[in-house]
Amino acid sequence: MHAKLGIAPIAWSNDDLPQLGGDTPLSVCLAESRLAGFSGVETGGKFPRTRAELQPQLAEYQLQLVSGWYSGTLLDNDLESEIAKATPQMQLFKECGAACLVYGETAGTIQNQQQVPLSQRRRLTEEQIREYGAKLNLFASWCRDFGVPLAFHHHMGTVIEDERDIDLLMAATCPQVGLLFDTGHLVFAGVDPLSVLSKHGKRINHVHTKDIRADVRAGLDWQRDSFLDAVLKGVYTVPGDGSIDFDAVIARLAGIGYQGWFVVEAEQDPALAPPLEYARIGYASLKSSLTKAGYAIEPPAKR
């Protein structure tokens, strides 16, 4: 089995909280990603949106484009409008060889609203999820035909957050709707990652690894604290610096035959958690877990 190690730019900055590392140049993000040992990166707000601009910068640091977040609105949007909105990003990803499109449903999201507490997220009925799934099937089929498969990102503050939401969505969708497996968002939502792997492991086509500081999560007031409040309080960190047993998670992923990218995320204040230092912690911890599970880690591509 093979694995590739990538990192998301939110180790250096956060698009929902631009005051966190917003002044860090993209060149620093890329250079330190490579210094930490990673072979790929996901896009963020600082990344150029054309291949002519992006590819030379990635090549300079021997990095591949892994994937990147797409703010989907299909829940409240029609299919044709959503396809038109997604096409420029899909074109960039196809031209740069990205593994997938990270689809996050942002219709009605509170993930970027610091004034809205965690308890007030939008929730869907079973029938609404079935209707949403039917639209998502069509969008995912378009993504497949375009050449960049969809990886659906369950996410705190969105309509697909907890285990019940994930179970219903997987039941309502076809295999073209891949599942992005995010350890940090699962544990934050009160979900056992191993349970999701047992039920939906074959649907997983992308993996995000971030850790949880259990004491910070336990201290949150879900009636008052927002998702962004939790981030600012340090609920997330890199693998190896929190409470998640990544040896067990990676071993289970190996058991179901997952191969591909493992992306490290931090989602914390770079002023309090120096990005290069934490990127190295995450890389070393994840590499250890992957090696124990029998993965062969692919080296960065030479350009």
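**Chat about the rings and the fold**

Tutor: Phe146 has a relative accessible area of 16%, so Phe146 is buried (under 20% is buried, over 50% exposed and in between partly exposed, with a 1.4 Å probe and protein chains only).

Student: Where do these values come from?
Tutor: The model is predicted, so local features need pLDDT of at least 70 and side-chain atom pairs count only at pLDDT 80 or more, while totals for chains, interfaces and linings use all residues. Residues are numbered from 1 along each chain as its sequence is written, and side-chain values use heavy atoms, leaving out hydrogens and water.

Student: OK, and which helix do Trp142 and Phe146 lie in?
Tutor: Both are in helix H4, residues 126-146, and they sit 4 residues apart, about one turn of the helix. Helices here are DSSP runs of H or I with at least four residues, strands are E runs of at least two, and numbering goes from the N terminus.

Student: Is Trp142 buried or exposed?
Tutor: Trp142 counts as buried because its relative accessibility is 18%.

Student: How many aromatic pairs are there?
Tutor: The count is 14. Rings of Phe, Tyr and Trp (its six-membered ring) pair if their centres lie within 6.5 Å; planes under 30 degrees apart are stacked, over 60 edge-to-face, and the rest tilted.
Tutor: For Trp142 and Phe146, the ring centres are 5.3 Å apart and the planes are at 55°, so this pair is tilted.

Student: Which residues form the aromatic cluster?
Tutor: One cluster is made up of Tyr70, Tyr103, Tyr132, Phe139, Trp142, Phe146 and Phe152.

Student: Switching topic: how many helices and strands are in the protein chain?
Tutor: The protein chain has 11 helices and 11 strands.

Student: And what does the C-alpha trace span?
Tutor: Along its principal axes, the trace spans about 50 × 45 × 40 Å. A compact globule of 303 residues would have a radius of gyration near 19 Å, and the protein chain agrees with its 18 Å. That radius is taken over C-alpha atoms, and the globule rule is 2.2 Å times the number of residues to the power 0.38.

Student: What share of the residues counts as buried?
Tutor: Of the 303 residues, 58% do.

Student: And what about contacts in the chain?
Tutor: Contact means heavy atoms within 4.5 Å. Among contacts with a separation of 6 or more, 82% are between residues 24 or more positions apart.
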